[in-house]
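Work through the exercises below with the sequence and the coordinates at hand. Each task is followed by a solution in steps.

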Amino acid sequence: MLAIDIILVILVGLSIIELVCPSASFIEKAGLSFLTGIFSQTILLVLLDALNIPLTRLPILSVTVILWLILCAVLYKKGYSFKSFNEYKNLLIKQVCSINVVWLAFIVVIVYVEYMNFSKCMYFPTFDRDSLAGFDTIGYVIAQESNIKNLSIFDIAYNPGIHGPGSYISYAPFVQLGYAIAYIFGAETSKIISALMFLFFLLAFYGILARSIKKTGAAIITLLVMLTPEMLAFSSMSATNVMHAIFASLGTIYGIRWLDKGEKGDMLISSIMLSANAWTRSEGVIFIAAIGFLALIKAVRKHSIKQLILWGVIAVLPFFLWSVYQRIFGLTSESIMMTSPFYDQEKIDLIIKNMFNHFLNVQYYGWTFKMLMISFVLNIWFIVKKKDNLYGFFALIISIFLYMLVLYQIDYKWDTINNVLAYSAKRFIFCFVPLAWYYLSTNKVISYPLEKLEDLLTFQIKSEPEVFVKTGRRR
Amino acid sequence: MANHKKQKNIYTTFWLNVVFLLLAFAFVKGSVLNQQGYSWVYGMLKGNMKTIKQYPNLTLPQRSEVKMGGSYSYYKYIADNTPKNAVIYIPARDAFFPKGQQSMFTGEPYNKMWAIRFLYPRKVVVPQEMGHSIYSRKLTHIAIVNGVGLEMLSYSVSPNFRIGVLPINNKEILKQTK
């Protein structure tokens, strides 16, 4: 049953991506399919629960099939048709003809490391503290009690501290609902969700990068993103941070591409991924704010606000719906955010010191932020003279600044600020890892040599399809 | 002539591929995997793969014991020995991790949500909820950890009883004995 649901989730995601961005590469579509599909299914779960429909296999499968059929109907109406076998064959031949040994070697290493990581993730059950004391347990209880809003663990009579500051009752819903789906469909542990999220992220990240800096560079950078020590270690656990980083970074990367190239497809993928990011962790709104701010400046300069409005509505709608749902059904807790402005130099110094210590920690993030600095310094000439990759630069800077601002505005009632900065904040930085690698590798000073490397290594063999066209056999 | 040039290009590209492949190998092996962080995470994955290949047929409870040790075994024991409608009192952190002593427990077995994950559908009550939760008046069982919890029982138990789960009053034991 779980396999059926996962296939259905992938089909839903694939249909959505095909609909919003037909120009995306096959590998991007494949990567984004599960991420978009599982995000959509968790929204369906909330809607079913709001309508008092039990969260059991049949209703979930039924609404997912209905959603998929609707998407197929829209695709059909838009004139979408499956490629013929010959077209797939030609595409494959073209891909095979353009491979080079270096690309192949990096892909083999990526596949090998991911095989080990996936196996580890599936073999060991959930054991990390944050999951057992929150997300995994909530998902498990949702599956047992077939609802969200009336869970026994949300009952104040059973759990007197449930509405206290920072309580898990008010967490954004993606992770626990994802785990609930795994348990509802009969999984022994919820680890399949973490495992698939990271696997599909690698595909999507490689896909978007290959579109920007060609495939050999994309393979090298994907390996370096994947090997980021702390992130790779956490990718096989059940905590929210890696999943949040996946949505936040992809949403921001597609946002940067949209601002750079102006393609509607990139805009729509950015808005979907960013809405999933706020659906995973509430502070994810800062990534929406960062891209939104840059998009607003561009919209004002170009006197065109239509795309920005569409992007903004999609990006915030699920978060808004979840907030309404929480208010209606009382899934709220004492706020940990201080909404009024204040000035505390000691707190500012503490946050800046800790965050920068984390950023420079090669044990946690490998070469990520050192390479980012090197790439930035080497690219200064292109930034000043050619305004190279400015959206990427500002998206990174603004989102880091906003994240630190969120840390500053938090009232640390449930834990000390020192604990949060020392142990939790290092995981918050995961969001910036793929983003940093994307930015540094798309800088002219790095992307140009990588593209040249690709040209040098590619065998100049005429591909089969071109021969077909020339001989006229295809017609 | 054109054919010769094309062949030469393929030949050059082939050697360029070989050279860059060696460079890539040197980069990954000599540079990436020599960096402390990358080598740590890679070594960890290799170590985990070794365990997986060594014990491919472990059941989920066995794999849970590998990761959570005594905490998992203890809760599994409680789940196996209490009815599904039990209301169980779990003692505080100090009982699980006495100061200055080695503990068989790992993780946060004293955390209510942590315990619920393994004891559901049984209800769990923790010390800070005593008197605040209606379930604190409906306790049916006490988790005894390092002897802590015995003082809550209405009947006497040998002080040598260090770990286990006992009904809050001995009616249930008497019922079972009859």
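**Exercise 1.** At roughly what angle do the axes of helix H12 (residues 264-280) of chain A and helix H13 (residues 285-302) of chain A cross? Classify the pair and describe its contact.

Solution. The model is predicted.
- Step 1: the axes of H12(A) and H13(A) cross at roughly 150° and come within 8 Å.
- Step 2: angles over 145 degrees count as roughly antiparallel, so H12(A) and H13(A) are roughly antiparallel to each other.
- Step 3: from H12(A), Ser270(A), Leu274(A), Asn277(A) and Ala278(A) meet Val285(A), Phe287(A), Ile288(A) and Ile291(A) of H13(A).
- Step 4: sorted by class, this contact has 6 nonpolar residues, 2 polar residues and no charged residues.

**Exercise 2.** Is Phe234(A) buried or exposed? Locate its helix and list its contacts beyond four places in sequence.

Solution.
- Step 1: helix H10 (residues 229-235) of chain A contains Phe234(A).
- Step 2: the cut-off for a buried residue is 20 or more other C-beta atoms within 10 Å; Phe234(A) has 22 and is therefore buried.
- Step 3: with neighbours within four places in sequence left aside, Phe234(A) is in contact with Ala239(A), Asn241(A), Val242(A) and Arg427(A).

**Exercise 3.** Which elements of chain B give two or more residues to the side that touches chain A?

Solution.
- Step 1: the contact involves 41 residues of chain B and 42 residues of chain A.
- Step 2: the elements of chain B are helix H1 (2-32), helix H2 (36-54), helix H3 (60-80) and helix H5 (112-119).
- Step 3: by class, this side of chain B has 23 nonpolar, 12 polar and 6 charged residues.

Key:
Residues numbered from 1 in each chain as written. Chains lettered and ligands numbered in written order. Predicted model: local features only at pLDDT ≥ 70, side-chain atom pairs only at ≥ 80, totals over all residues. Contact = placed C-beta atoms within 7 Å. Nonpolar A, V, L, I, M, F, W, Y, C, P; charged D, E, K, R; others polar. Buried ≥ 20, exposed ≤ 12 C-beta atoms within 10 Å, placed from the backbone. Axes fitted to C-alpha atoms, helices over the stretch in contact; angles between N-to-C directions. Parallel < 35°, antiparallel > 145°, perpendicular 65-115°, else oblique.
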